[in-house]
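Please read it alongside the sequence and the coordinates.

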Amino acid sequence: MHTIATIPGDGIGQEVMPAAIDVLEAIDAEFEFVEGEAGEHVNDREGTPLPERTRELARDADATLFGAAGDLAADIILPLRGEVGSFANVRPARAYPGVDAVAPETDLTFVRENTQGVYAGIEADVTADTKTLTRVVTREASRKILEYGFEYAREHDAERVTVAHKANVMRKTDGLFVEVAEEVAAEYGMAYDEALIDALAMHLVARPEEYDVIITPNLAGDVLSDLAAGLVGGLGLLPSANVGDDNALFEPVHGSAPDIAGQGIANPTAMILSASMLLEHLGYDEQADDVESAVLDTLEEGPRTADLGGDASTEAFTEAVVDRL
Ligand code: NAI
Ligand code: MG
């Protein structure tokens, strides 16, 4: 039996986490849930928003579900991603039926390198008026993300794999990334295309339906995955995964939504789809598909939550999903 750490966090995290648990309890699989505390209320009480005992739960679990954080997000979610050894950030962007989308044909997934690049944290004060940043790209980390990306593409029968880079300017760092991409693609016997990051941004807006799996360096993936979220109707519906070697953390892309927190009206779609990604990660492929279908059917047929123009509560929407399971 797999153990799942659940960390609701702040704001609507507290409201959408029970929805994901209800759904996981409704499917044909048994899990042990262990709940971890994190968030502003914990910080007020204990002087840290992420106590060691919660880190330990995430470390020891087979996978973690995280709800949302508020203003202390950086002090909660970044260390938690570290605890699970996350090297890949996986962000599907899919236009859902019944949801207004700028580009309703969009159905693509970003696989973003999540440890290095310009986010390696190597900045320096040269003088008060000059600061520098070191961009780190290693063969090892590049290989890891590219192997993960090609594997992900293969498992999902992706029609196209795109490797994003800017090797024409960052010749050494992205040059290495591209070199490793060629090696890995050859090993997998898979075709792929390369895209310069700036041109890719334009193509994604103009013809998003042509893309399937896009493997990116860290910063580009951060920016472009939000761009894709805009194409499919905003951050509120999208799930994500942070994958490590033998652990992973799944979380909605949205934050704690203080403007609607406490009203029981948050849309649990992103949280439930994050649970679906968790299921797939743990090998429950069929159940993952079932959950996804139940969510998509509910979005299409209703009831819908207020953010999608409906009047269903978080609980009513979740019940409708559970009924379909
Ligand atoms: P947000 O994602 O919390 O909310 C943006 C807008 O989308 C709000 O109007 C909110 O009501 C709506 N929204 C988001 N999720 C929704 C859902 N499930 N159902 C219905 N409506 C939803 O982002 P915002 O307002 O920029 O940040 C609020 C707090 O969240 C800040 O303290 C920020 O630091 C934190 N944050 C945390 C993240 C995380 O935990 N990973 C990510 C983004 C923000
Ligand atoms: Mg971001």
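Which strands and helices do the buried residues of H1 pack against? They pack against strand S1 (2–9), strand S2 (31–35), strand S3 (63–68), helix H9 (269–281), helix H10 (285–301) and helix H11 (314–324). The model is predicted: local features need pLDDT of at least 70, side-chain atom pairs count only at pLDDT 80 or more, and totals for chains, interfaces and linings use all residues. Residues are numbered from 1 along each chain as its sequence is written, chains are lettered from A and ligands numbered from 1 in the order in which they are written, and side-chain values use heavy atoms, with hydrogens and water left out.

Helices (H or I, at least four residues) and strands (E, at least two) are DSSP runs, numbered from the N terminus. Buried means under 20% relative accessible area, exposed over 50%, and partly exposed in between (1.4 Å probe, protein chains only). Contact means heavy atoms within 4.5 Å.

Helix H1 covers residues 13–26, and its end C-alpha atoms are 20 Å apart, in agreement with the 20 Å that its 14 residues should span at 1.5 Å a residue. The expected span of a helix is 1.5 Å times one less than its number of residues. The buried residues of H1 are Gly 13, Glu 15, Val 16, Met 17, Ala 19, Ala 20, Ile 21, Val 23 and Leu 24.

Helix H6 (residues 173–188) has 16 residues; from its first C-alpha to its last it reaches 23 Å, close to the expected 22 Å. Its buried residues include Leu 176, Phe 177, Val 178, Val 180, Val 184 and Tyr 188. Among the elements covering the buried residues of H6 are helix H5 (139–155), strand S8 (161–165), strand S9 (193–196), helix H7 (197–206) and strand S10 (213–216). Just after H6, Gly 189 has a positive phi of about 60°.

Thr 173 is placed in helix H6 and counts as buried, at 19% relative accessibility. Not counting residues up to four places away in sequence, Thr 173 touches Arg 135 and Val 137.

The table gives polar contacts of the ligand. A polar contact is a pair of N or O atoms within 3.5 Å; within protein, one must be able to donate a hydrogen and the other to accept it, and residues adjacent in sequence count only if both atoms are side-chain atoms.

| Backbone N or O atom of | Ligand 1 atom | Distance |
|---|---|---|
| Gly 255 | oxygen | 2.8 Å |
| Ala 257 | oxygen | 2.8 Å |
| Asn 267 | nitrogen | 2.8 Å |

Taken alone, ligand 1 exposes 790 Å², and the protein buries 67% of that. Accessible areas come from the Shrake-Rupley method with a 1.4 Å probe; for residues, only the protein chains shown count as cover.

**Loop residues**

Ile 12 lies in the loop between S1 and H1 and is buried, with a relative accessible area of 4%.

His 254 is found in the loop between strand S12 (248–252) and H9. His 254 is buried, with a relative accessible area of 13%. Leaving aside neighbours within four places in sequence, His 254 is in contact with Ile 12, Ala 68, Leu 235, Gly 236 and Ala 270.

Tyr 211 sits in the loop between H7 and S10 and counts as buried at 6% relative accessibility.

**Lys 144**

Is Lys 144 buried or partly exposed? Lys 144, in helix H5, is partly exposed because its relative accessible area is 28%. Its side chain and that of Asp 245 are joined by a polar contact of 2.8 Å. Lys 144 also touches Phe 87.
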